[in-house]
Every structure is written in structure tokens, then in C-alpha cells.
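Okay, thanks everyone for coming.

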Amino acid sequence: MAKIVYGFGSSHGPLLSTPPERWDLRAADDRKNPQHPFRGSAYTFSELVDLRRGEKDFHREMSIEVRCSRHERNQRALDRLGEKVADVDPDILVVVGDDQHEWFLDDIQPSFTIYCGDQVINAALDQEKMKTKSPGIAVAMSAYYPVEDHIYPVPKDLAHAIIHGAITDEFDVAISATQRAGPKGPIGIGHAVGFIYRRILKDRPVPVIPILLNTYFPPNQPTPKRCYEFGRSIGRAIASWNGENGNKRVAICASGGISHFVIDEEFDTRILTAIKNRDTKTIFAEPDNMFRSGTSETKNWITVAGILAETDLEMNLIDYVPSCRSEAGTGCGMAFAGWE
């Protein structure tokens, strides 16, 4: 029988792969953005500055000294996760992430998708595509895409077991059995999976099952409760799976989050504490309009919390690092955790 032996969660935001002295590149994007979701409403950048005045000394938070300190903490946490995953050496990795119009566009946007092809490609960095991105995004793109294509095997039997378990539990999941393609060939797996393979696994070819949630795009984002219950279904399917080649050791990953692109430390603390304590009452009570923009990726963590609720593994928060890049408190609440 398969056994979940480890779980981990990691933010994957561009600041993690951007030198702290260049965080201003992303702050420039923030200043142009007319809609910053924050605590259920949306604000222009100047409105956000006025709203948060006195909340915290964001000018100090965005100073180069603080940025460098936060950047070092982020890198230590990522290194610690990478070392732990290497030590655990799982047979299979299940990555729960979100798709941000990488595979799915306006023609189809499933709430839940399980990939079950023979293999998945993390496609090489597209230099032409990089030129279309803002400087703040382009500088970090190498953290998601390798210099040349990397191919990872997919354990189809387990993917199918998860699909059948979800259907039995009345989740109408979408499946993807063929990697989507464009004019240049296969479209690589999205940033949520690519970052984990590049930064945590160092491109090691660990077999992977990508599970993609639509956390970003209205109107069919799953609620926190639905994500958690979907996770429990996945956990049960893994625990009951008896693969052809005997017992398999499975690791589970939540990729993304926590609050961004406006940092909300109160939200982050509340949700991370609830996940650690298996406090589903607090998780389910969180208004769905709190999960907007990048903060919506917190639902990937909630799904993984549901998966790991089917085990006796306990969450340990390795670090929480609010990484601020502007006087409006924009940036990312970086979180890194392991379940052991």
C-alpha cells in the first residue's frame, strides 16, 4: 500500500528569485496596478497607501537592510526544504498548485484538474516570451523554467486512483492526459510545479502528479471547504492505493501563497495557525473574498491540509517571512512548512 511519508508547503513568488536590491522592479508594477485586492475590497495603489498608513512602518520594511535580511531567511527556508525532501527521497511527489492561464485559458477553466499523462515536461525558458514580461517578472523567470526541457515521469496508476476516488466522493474533476501544446510544441507545466522542481528538487526526476486548482479566475473558484474536502479525498485515495510495483512512499506539496500581492500578516497568521491546528472551523469560516489575486493560492495549502488530515503527520512552520517591496505593504507573505 502507498504511504504518505512527508508533506511540505512553499511560497513560490518572484521575489524569492529576485535579488533584494531589485525588488523595486515589482514595486513599479504595483504602482501601475489599478486594482489591489485586500481584505475583501480592491484599491488603487495610492488608496492602499492611505488605507494602511500607521498600520506598520512599511518604509522601514522596504529598506534594503530589511529586504536583505528577509531574502536570506527565505533562502535558508528553501534550502532546508530541499535538504529534507532529498533526505526523505520519496518515490512519488504530488504537487497541488494553481494554473494562471498557463495551460487553461478562457475557453476552459476547470476548478480541479488531475494530470494523468505518461510524462510531464518543464519546458525550457522561452527568451521571446520573457521579453513580453515586465522586468520584475522577467528577472525571476529562470527560477521556474530550466535552460533545456526537463521530462518527469507521471505515475499514471496513482493518478487514476485519485481520479476514481474523487468521482466516488462526488467531485467532478477534470483530467488532462496530454500536455497542451502551442506553436513551439508542448507548453511546459506551470510555474507552481516548475518552481518546486527547479528550486526544491534541483531538477531531480522524481515522478510527479500535478494537481491544478483554479484559485484565481472567477466565477468557478472552489471554496476553502471544497478544497479541504477535495484534499481529504486525495488522501484517502493515496492511502488505499496498491501500485503494481509494491509499496510507494509519497510526498505531498502545497505550492504558492500566502498573502500577495498585498501582504496581510493577520490573515497569514490566522490561516497558518488554523492549518497547523487542524482547525477546520476557522478555515471554513474565512470569507471567500479574502482569497483573491495571489492570496488565493492559500487554497493550495488548504487542499494539502485536507490530504494530510488523513495521516498522523504534524505541521511545523519552518518560517514565515513578510517580504515587503513598497510603501503600500505590497509584496508577499512567504511561508515554508513541513509535515512530519
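So, in α8, the buried residues are H191, A192, V193, G194, F195, I196, Y197, R199 and I200. Buried here means under 20% relative accessible area, with exposed over 50% and partly exposed in between, using a 1.4 Å probe and protein chains only. Nine of the 10 residues of this helix, 191-200, are buried, so α8 is largely enclosed by the rest of the structure. Helices (H or I, at least four residues) and strands (E, at least two) are DSSP runs, numbered from the N terminus. Just after α8, K202 has a positive phi of about 55°.

Quick caveat: this is a predicted model, so local features need pLDDT of at least 70 and side-chain atom pairs count only at 80 or more, while totals for chains, interfaces and linings use all residues. Residues are numbered from 1 along each chain as its sequence is written, and side-chain values use heavy atoms, leaving out hydrogens and water.

Now the rings. Phe, Tyr and Trp rings (six-membered ring for Trp) pair if their centres lie within 6.5 Å; planes under 30 degrees apart are stacked, over 60 edge-to-face, the rest tilted. That rule gives 12 aromatic pairs. One of them is Y152 with Y197, tilted, at 3.9 Å centre to centre and 35° between the planes. Y152 sits in strand β7 (150-153) and Y197 in α8, so the pair ties together parts 45 residues apart in sequence. Both Y152 and Y197 are buried.

Then there's F171 and F230: centres 5.4 Å apart, planes at 55°, so tilted. Both F171 and F230 are buried, and together with F112 they form one aromatic cluster.
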